Structures are given as C-alpha cells and as structure tokens.
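Subject: The structure, and notes on strands and charges

Hello,

Please have it open as you read.

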Amino acid sequence: MRSIPKRLLIHKVMLHKKAKEDKWGNVTLDDGVELSFVRMEPSKQIIRDKNNTEIQLSATLFYDCKNSKPKCVKFDVDDIIIFHGEKHRVKIVEPLYDEKKLHHYEMGLIKSA
C-alpha cells in the first residue's frame with residue numbers, strides 16, 4: 001500500500017504530553033513537539049469510550065508513518081493536539097497496517113479547554 005501523498009498532508013500541529021497533574025486535576029503540559037505533514041479533518045463521528053459513554057469527535061488527525069515528521073512518534077489517549085490555537089484531546093488512537101507494517105495512525109480528537 002502506498003503512503004499518504006505529501007500533497008494531502010498539508011497541516012502542522014503541536015503535540016503535547018502531560019508533564020504532571022496536581023491533586024486538583026490541573027494538568028501541566030510539556031514543551032511539545034511540532035508534527036508536520038499531517039492532516040486534520042473535521043469529524044462528527046460518534047464513538048463509545050471504555051465506560052460505554054457516547055462521545056462526538058470534533059476532528060481526526062492523520063499521521064503517515066513514511067511522510068509525516070518527526071518519525072517514530074508515540075501517541076497516547078489524553079495527549080493534547082494544538083491546531084490553529086485550538087486545543088484538542090486525543091480520545092482514540094488507531095494504528096492502521098498495510099500487509100506487513102504500520103502504515104498510518106488515525107487519532108479521534110475532541111475539543112478541549
């Protein structure tokens with residue numbers, strides 16, 4: 001399977017991980033890393049979380065394992081993606097494979113305050 005063409009990977013986003021969380025639930029983020037050659041698409045998809053609660057996604061982030069930069073990024077649920085100044089929280093991470101190896105990731109995002 002061919003990689004996602006760079007001409008479709010037109011966006012840049014910042015990926016932040018939780019650095020720490022205090023006892024009141026306030027989260028401090030790390031400095032983050034810029035992801036380039038990714039694609040953000042609006043979404044209205046409804047998913048269910050581990051508690052069987054329905055969640056409506058606001059966007060889907062596509063990260064191609066060949067063309068997106070930097071390489072070998074690890075994605076986790078609750079990571080923060082900043083795109084055009086708006087924060088999004090990762091709710092679902094889907095690694096998708098071609099015949100033999102990891103092809104791309106699709107992350108389901110919700111808007112976050």
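Strands S8 and S9 form a hairpin with two residues between them, and histidine 84 in that turn has a positive phi of about 50°. Strands here are DSSP runs of E with at least two residues, numbered from the N terminus, and two strands pair if DSSP finds at least two bridges between them. S8 covers residues 80-83 and S9 covers residues 86-97; the two run antiparallel and are joined by four bridges. Within that pairing, isoleucine 81 stands opposite histidine 88 of S9.

Before going on, a word on the model: it is predicted, so local features need pLDDT of at least 70 and side-chain atom pairs count only at pLDDT 80 or more, while totals for chains, interfaces and linings use all residues. Residues are numbered from 1 along each chain as its sequence is written, and side-chain values use heavy atoms, with hydrogens and water left out.

From S9 the pairing continues to strand S10 (residues 102-111), again in the antiparallel sense, over nine bridges. A hairpin with four residues joins S9 to S10. If you want a pair to look at, valine 90 has leucine 109 in S10 as its bridge partner.

On to strand S1 (residues 11-16), which is antiparallel to strand S4 (residues 33-42), with five bridges joining the two. Leucine 15 stands opposite valine 33 in S4. S1 is also joined to S8 by three bridges, again antiparallel, and there methionine 14 has isoleucine 82 as its bridge partner.

Now the charges. How many salt bridges does a search of the whole structure find? The search finds six, a salt bridge being a side-chain nitrogen of Lys or Arg within 4 Å of a carboxyl oxygen of Asp or Glu. Here are three of them, with exposure given as relative accessible area (buried is under 20%, exposed over 50%, partly exposed in between, with a 1.4 Å probe and protein chains only):

- Glutamate 41 and arginine 39 meet through their side chains at 2.6 Å, N to O. Glutamate 41 is partly exposed at 28%, and arginine 39 is partly exposed at 23%.
- Aspartate 76 and lysine 74 have their closest N and O atoms 2.6 Å apart. Aspartate 76 is partly exposed at 27%, whereas lysine 74 is exposed at 56%.
- Lysine 111 and glutamate 86 have their closest N and O atoms 3.2 Å apart. This pair links distant parts of the chain, with lysine 111 in strand S10 and glutamate 86 in strand S9, 25 residues apart. Lysine 111 counts as exposed because its relative accessible area is 53%, and glutamate 86 counts as partly exposed because its value is 38%.

There is also a network of salt bridges that links Lys17, Lys74, Asp76 and Asp79.

Which lysines gather in a patch of positive charge on the surface? They are Lys6, Lys66, Lys69, Lys71 and Lys101. Lysine 6 sits in the segment before S1 and is partly exposed at 41%.

Happy to go through any of this with you.

Best wishes

Note on methods
Patches are made of residues with over 30% relative accessible area and no salt bridge: like charges are joined within 9 Å, nonpolar side chains (Val, Leu, Ile, Met, Phe, Trp, Tyr) within 5 Å. Accessible areas come from the Shrake-Rupley method with a 1.4 Å probe; for residues, only the protein chains shown count as cover. Lys and Arg count as positive and Asp and Glu as negative; His and the chain ends are not counted. The place of a charge is taken as NZ of Lys, CZ of Arg, CG of Asp or CD of Glu.
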